[in-house]
Amino acid sequence: MGMRRPVRWHIAVFLAPAVLVYTAIMIVPLFGTLNLALWNKGEGGPVFVGLANFATLFGDPRWSVAFWNALGNNCWFFVVHMLVQNPIGILLAALLSNPRLRMAAFYRTAIFIPTVLSFVIVGFVWKLILSPIWGIAPGLLDAVGLKVLFAPWLGQEWSALTTLALISVWQFVGIPMMLIYAALLSIPDEVLEASEMDGITGWSQFRKIKLPLILPSIGIISILTFVGNFNAFDLIYVSQGALAGPNYATDILGTFLYRTFFGFQLQLGDPHMGATIATAMFGIILVGVCIYLFGIQTRLRRYQF
Amino acid sequence: MTRTIRFALLASTMLAGAAHAQTTLTIESWRNDDLAIWQDTIIPAFEAQHPDIKVVFAPSAPAEYNAALNSKLDAGSAGDLITCRPFDASLALYDAGHLADLSGLAAMANFSPVARSAWQTDDASATFCVPMASVIHGFIYNKDAFDALGIAVPVTRDEFFAALDKIKADGTYIPMAMGTNDQWEAATMGYNNIGPNYWKGEEGRLALIAGKQKLTDADWVAPFEELARWKDYLGDGFEAQTYPDSQNLFTLGRAAIYPAGSWEISGFNTQATFKMGAFAPPVAAAGDTCYISDHTDIAIGLNAKSPNLEAGKVFLEWVGSPEFATMYANALPGFFSLNSTPVEMADPLAQEFVSWRGKCQSSIRSTYQILSRGTPNLENETWNASANVIRGSETAADAAKRLQDGLASWYEPQK
């Protein structure tokens with residue numbers, strides 16, 4: 001009645017810094033990119049072309065073949081991470097959370113260290129390790145009598161992308177490990193003790209008690225892996241160059257975008273087609289995240305203790 | 001109070017005056033290998049004659065140069081002097097108003113029309129960079145290895161492959177040091193190195209631009225067929241061998257022949273401990289006219305938005321002088337001056353390379369002028385195709401057809 005609620009200015013004031021910074025460095029550039037994709041070079045300046053750039057990207061075989069190749073490679077890159085990085089991360093976390101393990105802190109640190117290294121260092125070091133000329137990989141295989149298994153993995157079409165994906169797994173396996181490790185530690189002892197009282201121990205305890213409790217963390221890791229993989233660029237660029245050889249076998253959306261947007265060698269940069277690819281990448285990631293948020297996360301059961 | 005302000009104003013004018021007395025010019029370049037030469041030799045020589053101008057050489061990594069430069073020019077943060085890539089990359093910068101028209105420079109008279117052609121508008125009405133140097137392709141070989149195996153320097157293709165067979169059979173040396181990991185060597189030191197002998201240099205190159213020849217013609221497919229034969233002579237795991245790997249294999253004395261560009265000379269001179277020689281791309285039969293790739297590679301232009309246009313022009317006049325040509329060609333053996341004044345060079349390997357200009361017909365890389373303007377980009381596609389052909393994952397005919405289809409998709413005379 002006569003008591004009007006006072007305007008709560010402090011909410012706006014407290015939100016302002018974050019909103020302003022986020023708008024300036026994220027939202028404005030994002031819409032700038034989306035807008036750039038709707039224009040193209042014309043006589044005497046950019047002209048509005050609507051969705052014509054997208055028609056070129058998906059309709060012109062010279063663009064679409066490269067795009068689908070990059071998207072396919074990107075999907076394989078993601079699949080390798082999901083099949084190798086995350087299960088290994090969970091396994092390592094399970095081992096680390098075992099109270100009988102000695103030197104757990106050392107292992108944890110050692111496995112996590114590559115994560116903080118620069119892509120440039122990781123790419124360079126692995127290139128040296130796997131080099132058929134100077135690398136230690138052929139020597140090590142030779143020492144155990146398996147020299148025949150060695151191949152110039154980074155130079156062959158069938159193996160280059162998988163090799164790079166595994167290098168990336170090596171670098172980032174520490175992240176799922178840490179997140180799962182934290183989730184495992186947060187499971188209350190009462191729950192585990194109760195399960196032990198019921199005779200559930202060891203592997204079946206992990207599968208029936210711990211795994212359901214860490215599923216939300218696994219979901220978060222999956223989505224982080226997805227976003228990270230579809231934005232990947234550095235490792236490929238550092239080790240294979242912007243042309244993502246051999247024969248575009250390691251070309252992912254990030255390198256395709258780089259070549260198009262900034263140009264490469266004699267190829268001049270095309271900001272409009274580049275922005276078109278960037279928009280397509282944004283769309284792919286958006287769809288992936290939405291599928292996760294609405295299709296999976298809402299169905300995950302959460303337990304409160 | 002007013003007095004303080006007056007002093008402040010006075011002080012600032014004096015400071016501004018002092019700043020005017022010396023202009024600083026910044027050079028953008030991709031030649032980070034040459035940093036020491038610019039800093040120790042070239043810039044001091046210029047600054048001694050022009051004490052009012054200070055020059056800073058600020059190179060970036062070769063692979064990133066074009067992208068970084070374009071971004072800097074668009075943002076207005078690029079240096080005063082721009083090292084120019086040949087043909088379209090620089091032409092686009094001129095068309096966008098980033099490079100100043102230098103046709104009026106007195107020093108331009110020191111360069112032949114061919115030398116200037118790489119940095120001109122298509123109608124040759126404006127020249128926007130001062131030509132500095134060209135690079136010549138050929139093969140550098142390990143003289144000690146050739147002597148030990150009793151191999152004579154090959155002149156014909158048959159002799160070339162016989163030599164490779166002999167080195168391979170002996171087994172001490174890897175016959176040829178090249179890898180396909182970085183792709184560009186396959187195109188630049190492979191296809192465009194041996195190609196001019198097949199397509200008769202300028203004759204074929206200009207016919208391709210005019211649409212009178214196609215990349216699927218026998219003369220253009222044949223270099224790919226020869227490249228496919230190289231596979232057997234490359235080292236183990238050449239698929240993952242990078243450009244620095246190849247350089248090191250050769251300079252460590254583990255490989256006998258290195259498909260080269262003359263820019264390697266100064267690096268190889270410091271690294272290699274054995275005697276080196278060079279031979280031009282072999283011809284079909286002894287006595288045939290030989291053609292070499294003598295590629296106009298590097299020039300220097302003026303940022304049209306530079307605040308130091310006058311000082312920049314003073315520097316460029318000097319770059320166009322015979323004095324600079326002699327200094328540059330000797331400081332960087334393998335970068336051959338484009339200046340019309342003959343330059344004396346001391347380095348024997350560089351002399352060998354440059355001597356081919358007298359014996360053979362010079363041409364430039366086939367993909368550089370006009371033909372790499374569209375999408376797909378012919379130069380980049382040629383990297384990929386050459387590497388595929390050497391690895392054996394694509395036949396010569398298929399690769400040529402793919403390149404031709406790509407070119408014909410956007411280039412009118414080829415349609």
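Predicted model: local features only at pLDDT ≥ 70, side-chain atom pairs only at ≥ 80, totals over all residues.
**Entry 1: domains of chain A**

I began with the domain assignment of chain A. It gives domain 1 as 9-48 and domain 2 as 53-299. I looked up the distance between the two centres, taken over C-alpha atoms, and found 30 Å. I then went to the contact between these domains. Domain 1 of chain A puts in 7 residues, and domain 2 of chain A puts in 7 residues. On the domain 1 side, I noted helix H1 (9-36) and strand E1 (39-42) of chain A, each with at least two residues in the side that touches domain 2. I sorted that side of domain 1 of chain A by class: 4 nonpolar, 2 polar and 1 charged residues.

**Entry 2: domains of chain B**

Chain B came next. Here the assignment lists domain 1 as 2-132 + 296-346 and domain 2 as 136-294 + 362-414. I read 32 Å between the C-alpha centres of domain 1 of chain B and domain 2 of chain B. Their contact draws on 9 residues of domain 1 of chain B and 11 residues of domain 2 of chain B.

**Entry 3: where the chains meet**

How many residues of chain B are in contact with chain A? I found 33 residues of chain B in contact with 24 residues of chain A. I then asked which helices of chain B each supply at least two residues of the side that touches chain A. My list holds helix H3 (62-75), helix H4 (88-95), helix H11 (243-251) and helix H16 (378-391) of chain B. H16(B) gives the most to that side, with 7 residues. By class, the side of chain B that touches chain A has 16 polar, 10 nonpolar and 7 charged residues.

**Entry 4: H12 and H13 of chain A**

I turned to helix packing in chain A. Helix H12 (residues 253-262) and helix H13 (residues 271-296) of chain A have axes that come within 7 Å and cross at roughly 160 degrees. An angle over 145 degrees counts as roughly antiparallel. H12(A) and H13(A) are therefore roughly antiparallel to each other. I recorded their crossing as left-handed. From H12(A), the residues in contact are A:Leu253, A:Phe256, A:Leu257, A:Thr260 and A:Phe261. From H13(A), they meet A:Pro271, A:Met273, A:Gly274, A:Ile277, A:Ala278 and A:Met281. I sorted the residues of the contact of H12(A) with H13(A) into 9 nonpolar, 2 polar and no charged.

**Entry 5: H2 and H14 of chain B**

I looked up a helix pair in chain B too. Helix H2 (residues 35-49) and helix H14 (residues 322-331) of chain B pack at an angle of about 165 degrees, and their axes are 11 Å apart. That angle makes H2(B) roughly antiparallel to H14(B). The crossing of H2(B) and H14(B) is right-handed. On H2(B), I noted B:Ile37, B:Thr41, B:Ile42 and B:Ala45 in the contact. On H14(B), the contact uses B:Met327, B:Tyr328 and B:Ala331. The class count for H2(B) with H14(B) is 6 nonpolar, 1 polar and no charged residues.

**Entry 6: the loop between H11 and H12 of chain A**

This loop took several look-ups. A:Ala244 sits in the loop between H11 and H12 of chain A. A:Ala244 is not a glycine, yet I read a positive phi of about 50 degrees. Is A:Ala244 buried or exposed? I counted 28 other C-beta atoms within 10 Å, so A:Ala244 is buried.

A cis peptide bond joins A:Gly245 and A:Pro246, with omega about -10 degrees. A:Pro246 lies in the loop between helix H11 (234-240) and H12 of chain A.

I found A:Asn247 in the loop between H11 and H12 of chain A. A:Asn247 has a positive phi of about 50 degrees, although it is not a glycine. With 21 other C-beta atoms within 10 Å, A:Asn247 is buried.

**Entry 7: two loops of chain B**

I found a cis peptide bond joining B:Thr375 and B:Pro376, with omega about 0 degrees. B:Pro376 is in the loop between strand E10 (361-363) and H16 of chain B.

Last, I checked B:Ala61. B:Ala61 is placed in the loop between strand E2 (53-59) and H3 of chain B. B:Ala61 counts as exposed because it has 9 C-beta neighbours inside 10 Å. From B:Ala61 to B:Ser29 I read 8.6 Å in space, C-alpha to C-alpha, and 32 residues in sequence.

Conventions: Residues numbered from 1 in each chain as written. Chains lettered and ligands numbered in written order. Axes fitted to C-alpha atoms, helices over the stretch in contact; angles between N-to-C directions. Helix = DSSP H or I, 4+ residues; strand = E, 2+ residues; numbered from the N terminus. Parallel < 35°, antiparallel > 145°, perpendicular 65-115°, else oblique. Left-handed = near helix turned anticlockwise from the far one by under 90°. Contact = placed C-beta atoms within 7 Å. Nonpolar A, V, L, I, M, F, W, Y, C, P; charged D, E, K, R; others polar. Domains from an automatic or database assignment. Buried ≥ 20, exposed ≤ 12 C-beta atoms within 10 Å, placed from the backbone.
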